[in-house]
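Keep the chain in view as you read.

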Amino acid sequence: MILPHIHTPGIALEATRTRTGREVHAEFADRGVRGIDRRDVLSSPTIWPNRRMQEISAQFFVRVGEERALLGYVSLHEFNPNSGYVKCAVTVDREAPEDVHTAVVALTVNYAFAMWSIRKLYFWTPEPEVRGLVATGAVPAREGTLPEHLLDEGTLRPVNVFALYRAQWEETGVAFVESLVAGAGTREYLVDRGTS
């Protein structure tokens with residue numbers, strides 16, 4: 001059974017009203033949050049929800065520490081119950097430690113699989129991988145690449161499409177999240193599993 005955890009010691013996903021990627025970028029700039037994806041990435045309608053009538057299923061602020069400092073944003077959108085998938089977009093301050101990125105992605109993926117009867121999660125990103133996901137033991141499959149799809153600060157970049165399947169997540173990801181919720185960090189979990 002997958003439980004929809006949204007907190008670990010030190011990291012919390014805080015439910016929020018729905019926002020487009022453009023709104024996220026503007027709000028974070030106003031609040032002085034640095035290190036998240038650039039405006040062009042957050043404004044892309046294929047990566048973040050930015051189209052009219054684009055269904056948003058859940059969105060969260062990423063908060064860290066006892067002071068609950070704002071560190072990022074997460075969106076689960078374009079839920080398709082007939083095809084059994086939802087799209088996921090995550091932006092976290094690039095300066096945050098890798099353990100933080102891993103915990104945020106793990107909580108988000110786990111939440112999606114716990115809440116909906118879906119068979120996979122899609123990640124559309126200009127990056128060559130989904131940052132933080134490999135450390136959970138669940139490696140997403142690259143399902144395609146859209147060359148020169150994103151105009152990012154004057155440069156055409158490809159957008160990579162990754163899919164993470166429920167079976168993969170149940171095999172390693174659920175235990176990973178339960179370990180985080182119990183207070184173990186990413187490194188402790190990997191050492192316990194003998195994969196560090």
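What follows covers the overall fold, the nonpolar cores and the salt bridges.

This is a predicted model, in which local features need pLDDT of at least 70, side-chain atom pairs count only at pLDDT 80 or more, and totals for chains, interfaces and linings use all residues. Residues are numbered from 1 along each chain as its sequence is written, and side-chain values use heavy atoms, with hydrogens and water left out.

Start with the architecture. The chain has 5 helices and 8 strands. Helices (H or I, at least four residues) and strands (E, at least two) are DSSP runs, numbered from the N terminus. Their order along the sequence is β-β-α-α-β-β-β-α-β-β-β-α-α.

Now the overall dimensions. The C-alpha trace spans about 45 × 40 × 30 Å along its principal axes. The radius of gyration is 16 Å, which agrees with the value near 16 Å for a compact globule of 196 residues. That radius is taken over C-alpha atoms, and the globule rule is 2.2 Å times the number of residues to the power 0.38. Of contacts between residues at least 6 apart in sequence, 64% join residues at least 24 apart; contact means heavy atoms within 4.5 Å.

The chain exposes about 9400 Å², and carbon and sulfur atoms supply 51% of it. Accessible areas come from the Shrake-Rupley method with a 1.4 Å probe; for residues, only the protein chains shown count as cover. Buried residues make up 49% of the 196. Buried means under 20% relative accessible area, exposed over 50%, partly exposed in between (1.4 Å probe, protein chains only).

In α3, 14 of the 18 residues are buried, so the helix is largely enclosed by the rest of the structure.

In soluble globular proteins, nonpolar side chains tend to be buried together. A nonpolar core here is a set of buried Ala, Val, Leu, Ile, Met, Phe, Trp, Tyr and Cys residues joined through side-chain atoms within 4.5 Å. The largest has 37 residues, and V109, L121, F123 and W169 have the most contacts inside it. Elements giving two or more residues include β2, β6, β8 and α4. The largest share, 10 residues, comes from α3. Beyond its neighbours within four places in sequence, V109 is in contact with L121, F123, L133, L164 and W169. A second, separate core has 14 residues, among them V33, W48, F61 and L150.

Turn to the charges. A salt bridge is a side-chain nitrogen of Lys or Arg within 4 Å of a carboxyl oxygen of Asp or Glu. The count comes to 13. E14 pairs with R63, with closest N and O atoms 3.2 Å apart. This pair links strand β2 to strand β3 across 49 residues. E14 is partly exposed at 24%, whereas R63 is buried at 14%.

K120 forms a salt bridge with E143, at 3.6 Å between the closest N and O atoms. K120 lies in β6 and E143 in β7, so the pair ties together parts 23 residues apart in sequence. K120 is buried at 6%; E143 is partly exposed at 37%. Finally, R38, E127, D152, E153 and R157 are linked in a network of salt bridges.
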